[in-house]
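Here is a friendly walk through one protein model. Have the sequence and the 3D view open as you read.

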Amino acid sequence: MKLYFSPGACSLASHIALIDEEIEHETVKVDLGEHKTEDGKDFYSISPRGYVPAIETDELGLLTENPAVLAYIADKGNAAPGGTDRYKMLEWIGFVGTEIHGGYGPLFGGDTDDRRAKAKNQLAEKYRFAAELMEGGDWLVGDGPTVADNYLFVTLLWADKFGIELPEKLKEYRQRNMQREAVKRVMADEGLG
Ligand SMILES: N[C@@H](CCC(=O)N[C@@H](CS)C(=O)NCC(=O)O)C(=O)O
């Protein structure tokens, strides 16, 4: 499998999953400003959507969109939750993708100060809600991290960059994720401090 990624972007969630699940893979860094791969190819010619994550797979060629890519990697690994937990995992991926990741649009994309302030308040509210949904658990689903945790974790790294207020519980959760071996390894690999 080949993962197209950009350091610290949402593709970090897929990158962590590949290491966590011990899936043989290679990575290609993409400059999202220029939409060029590290070896100088036009990224649009590889993925017309122009964004990461994108994975090149033997069985279905290029696959994009976080929910599909994360579920695919989880299924290829040994640690994807089964039974009803699978649906809880997908529910969290949907929540993180649309309610949280999508909420960063005005902050990453550049927008008016008013819209950025509103986006920050809305995100703080979504994070408070996420903390409530977690109830007493250390992880989003079951007893250990899944690809949904990788995705929420990555957005929590963005929160500080934009000064978004986080509940204590999610700060602890972020720290818990930082202690995972796969997370440490991939963060070092992507050159993240
Ligand atoms: N709908 C896509 C959005 C992915 C996305 O927003 N990727 C960002 C990085 S976190 C990106 O590549 N942005 C650059 C661009 O859109 O040109 C998904 O869920 O996978």
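## Two loop residues with positive phi

E135 sits in the loop between α6 (113–134) and α7. Helices here are DSSP runs of H or I with at least four residues, strands are runs of E with at least two, and both are numbered from the N terminus. E135 isn't a glycine, yet its phi is positive, about 50 degrees. Is this residue buried or exposed? E135 is exposed, because it has 7 other C-beta atoms within 10 Å.

Look for H35 in the loop between β2 and β3. H35 counts as partly exposed because it has 16 C-beta neighbours inside 10 Å.

A word on the ground rules: this is a predicted model, where local features need pLDDT of at least 70, side-chain atom pairs count only at pLDDT 80 or more, and totals for chains, interfaces and linings use all residues. Residues are numbered from 1 along each chain as its sequence is written.

## The overall build

The protein has 9 helices and 5 strands. Following the sequence, you get the pattern β-α-β-β-α-β-β-α-α-α-α-α-α-α. The C-alpha atoms fill a box of roughly 45 × 40 × 30 Å, taken along the principal axes.

The radius of gyration is 16 Å, which agrees with the value near 16 Å for a compact globule of 193 residues. That radius is taken over C-alpha atoms, and the globule rule is 2.2 Å times the number of residues to the power 0.38. Of the 193 residues, 30% count as buried. Among contacts with a separation of 6 or more, 65% come from residues 24 or more positions apart. A contact means that two C-beta atoms, placed from the backbone, lie within 7 Å.

## The sheet

The strands make an open sheet of 5, in the order β3-β2-β1-β4-β5, with mixed pairing. Two strands pair if DSSP finds at least two bridges between them. β3 (36–37) and β5 are at the edges with a single partner strand each, so one side of each has no neighbour in the sheet.

## A well-covered helix

How many of the 10 residues of α1 are buried? The count is 9 of 10, so to speak a mostly covered helix. The buried residues include L12, I16 and L18. Part of what covers the buried residues of α1 comes from β1 (2–5), β2 (26–31), β4, α3, α7 (147–161) and α9. After α1 comes E22, with a positive phi near 55 degrees.

## Two domains

The protein is divided into domain 1 (2–78 + 183–189) and domain 2 (85–180). Those bounds come from an automatic or database domain assignment. The domain centres, taken over C-alpha atoms, are 20 Å apart.

## Around the ligand

Which residues are around the ligand? They are A9, C10, L32, G50, Y51, V52, E65, N66 and G97, each with its C-beta atom, placed from the backbone, within 6 Å of the ligand. This shell has 5 nonpolar, 3 polar and 1 charged residues.

V52 is also joined to P53 by a cis peptide bond, with omega about 0 degrees. P53 lies in the loop between α2 (43–46) and β4.

How values were computed
Ala, Val, Leu, Ile, Met, Phe, Trp, Tyr, Cys and Pro count as nonpolar, Asp, Glu, Lys and Arg as charged, and the others, Gly among them, as polar. A residue is buried if 20 or more other C-beta atoms lie within 10 Å of its own, exposed if 12 or fewer, and partly exposed in between; C-beta atoms are placed from the backbone.
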